[in-house]
Amino acid sequence: MRIFYFLVFFSLSLWLGAQNADVSLESEGKTEGIVTTKFKKKGCGSLVMIVSGGKKIYLMPKSPLEKEFDKNKLRIKFTYRRLRMPSPANCEFCYMVELKEVEKK
């Protein structure tokens, strides 16, 4: 019976790990993204949209963007680190990150 539970747990963990393998949530060098303000009415503030593995991913900076970068549809390059903190209530679709080395593209 223990072997059965082990195999079920092992199979489930492999399956869940494979689902997110194509989406990278960590920065490897500079990442290109587009600033979007379309979710400000929800209370999300300015987000940065990146494409990873063919999917759109929204990143929410922990600290607000500087004024020169807080413009809708502005293309930027940056490095980031994903944070282990939950997104605000209306913004569950985005990931909290710390942005560094931000520059215009």
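Mentor: A residue is called buried when its relative accessible area is under 20%, and exposed when that area is over 50%. The model here is predicted.

Trainee: What makes Tyr80 buried?

Mentor: Tyr80 has a relative accessible area of 7%. The cut-off is under 20%, so Tyr80 counts as buried. Phe78 is buried as well, at 0%.

Trainee: Why is the pair of Phe78 and Tyr80 called tilted?

Mentor: Planes under 30 degrees apart count as stacked and those over 60 as edge-to-face, with the rest tilted. The planes of Phe78 and Tyr80 stand at 50°, with ring centres 5.9 Å apart, so the pair is tilted.

Trainee: What makes Tyr58 and Phe93 an edge-to-face pair?

Mentor: Ring centres must lie within 6.5 Å for a pair. Those of Tyr58 and Phe93 are 5.7 Å apart and the planes are at 90°, so this pair is edge-to-face. Tyr58 belongs to strand 3 and Phe93 to the loop between strand 4 and strand 5, so the pair ties together parts 35 residues apart in sequence.

Trainee: Why is Phe93 called partly exposed?

Mentor: Its relative accessibility is 32%. Partly exposed covers what lies between buried, under 20%, and exposed, over 50%, so Phe93 falls there. Tyr58, at 14%, is buried.

Trainee: Which residues form a cluster through ring pairs?

Mentor: Phe39, Tyr58 and Phe93 do. The count of aromatic pairs is four.

Trainee: How do you know that strand 1 and strand 4 pair?

Mentor: Pairing needs at least two bridges. Four bridges join these antiparallel strands, and Thr31 has Phe78 in strand 4 as its bridge partner.

Conventions
Residues numbered from 1 in each chain as written. Predicted model: local features only at pLDDT ≥ 70, side-chain atom pairs only at ≥ 80, totals over all residues. Heavy atoms only, no water. Phe/Tyr/Trp six-rings, centres within 6.5 Å; stacked < 30°, edge-to-face > 60°. Helix = DSSP H or I, 4+ residues; strand = E, 2+ residues; numbered from the N terminus. Buried < 20%, exposed > 50% of the residue type's maximum accessible area, 1.4 Å probe, protein only.
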